Amino acid sequence: MEQWGDLCAIGTVGDIVPLVGENRTLVKRGLENLQLTENRGLYALLRKSGISEDKEVSSVDLAFTVCPRINAAGRFGHPKEAAELFLCENDTMIPVMAERLSMLNTQRKQAEEEILKEIAQAVENDPLLLKKRVITVCGKGWSHGVIGIVASRLLNRYGKPVLIITDEGGTSRGSARSVEGFSLFRMLTELSDCLTKFGGHTKAAGFSLDTDRTEEFVRAVDAYAAKNFPEMPVDTCTAEMKLTAAELTEENVESLSYFQPFGEANPEPIFMLENCRIKSVRSLSDGKYVSFSIDFQGREFKVVNFRSTYDAFGYKAEDKTDLLVTAEINEYNGSRSISLRLADIRYSGFEQDRFFAAQRTYEKLCLGEEIPASLARRVIPDREAQKAVYDAVKATGSIAAAADIAYSKGINYCMFRVTLDAFEDTGLIKINHSQGSFTLLESGKVDLDNCPYMTDLRKRLGQ
């Protein structure tokens, strides 16, 4: 362990191995060794990754800073470049080789962003891509070493199974990521006639096919999902327990360190805080993130939200909310405090099942699928609902934030989105589907009830 524990920890975390049993022990010991590693190449890589000598290395540091640099060698260079760094004893070459891995990692990030930009444009050209049960996006010349990472990012953003396919000439390669309850391996097995090879498991898979069969395969994916999953499973976030304010003490939060290292099969514990009153909201990093304070059972806590921009955060002072958070101790200028990081947020009393039912109804409408005519009164907005949605639109440029505001006024998600689509049809707004945002346009008085979109919708619902 003293000689190889550091590299063992990196390999175990980097390969997303369950951090339980022996694996947990190996990583825990290996992380301790990393603090005092005698491997000069690894020492240089840690410094290049932004991990200072006096910082305790965590499994999160490995997963998000060290391992991506090592993996980048295999994606954009050759795996031996990482191995040679760890074997090198030339003090002149070591920093050059560590810099090389960081450069390859930067190249990997740039490739990701380029692919995401192309996907965003594809979504703007065909917004139905995001309404399907399985999001399938095709491109040309995308690095097959990156499309799996892109699929994961889209899964996190949209909460649906994602397939990314890149055309490499006569052959296309694909990478897929999924949510719990939708097995990619089972789907690919059933559709294997379209493929030349495939492999993976329930939540991650890879496959290859002849390029001229790509459209056939995409249709088969849509048909498979519609046939087997009239109601798709959704991506979920689960709390370990509900907390009281009395339980949120420094001692209790510090005790969570005994469960480290966190990672696959041993995630950082998430807690639920019910009936929190938001006291104030402010932006972080020029609006890239959000910080807000809450009153929770008579005590004030600070919460940081890295999952949303300030503009997309639809909550304001005095809103009553339920939160899912992780907790840690923050030390700054000699003072210690409990820091909460947001995992999810809802209005208190939010009816989650009804929300997802409304979301499914809206997507079925978009895909031209049958929905009961009896739902018309919960789909077609009256003048009061139109005004409520318009007020929400004027308050923010984010679809998610506007949906939250509309929900607080009793507007279900399907009616909200139908109203947004009618607004766009009449020229009141312009929707950016990939970013989940919209722009309010200058427009004169419009007749929303009789616009082509609403007329067609009423006809479909027999109204």
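Predicted model: local features only at pLDDT ≥ 70, side-chain atom pairs only at ≥ 80, totals over all residues.
Residues are numbered from 1 along each chain as its sequence is written, and side-chain values use heavy atoms, without hydrogens or water. Local features need pLDDT of at least 70, side-chain atom pairs count only at pLDDT 80 or more, and totals for chains, interfaces and linings use all residues.

**Stop 1: the rings.** Select Phe, Tyr and Trp. The whole structure holds 18 aromatic pairs (ring centres within 6.5 Å, using the six-membered ring of Trp; planes under 30 degrees apart are stacked, over 60 edge-to-face, the rest tilted). Zoom to Phe182 and Tyr224. Their pair is edge-to-face, at 6.2 Å centre to centre and 85° between the planes. Phe182 sits in the loop between β3 (171–177) and α8 (184–190), Tyr224 in helix α9 (residues 214–228), 42 residues apart (helices are DSSP runs of H or I, at least four residues; strands are E, at least two; numbering starts at the N terminus). Both are buried (under 20% relative accessible area, 1.4 Å probe, protein chains only).

**Stop 2: a cluster.** Phe292, Tyr347, Phe350 and Tyr413 are among the members of one aromatic cluster.

**Stop 3: a crossing.** Select α4 (residues 59–76) and α6 (residues 93–125). Their axes, fitted to C-alpha atoms over the stretch in contact, come within 8 Å and cross at roughly 75° (N-to-C directions, 0 to 180 degrees). The helices are therefore roughly perpendicular (65 to 115 degrees). Contacts (heavy atoms within 4.5 Å) include Pro68 and Phe76 from α4, and Leu101 and Ala111 from α6.

How values were computed
Buried < 20%, exposed > 50% of the residue type's maximum accessible area, 1.4 Å probe, protein only. Parallel < 35°, antiparallel > 145°, perpendicular 65-115°, else oblique.
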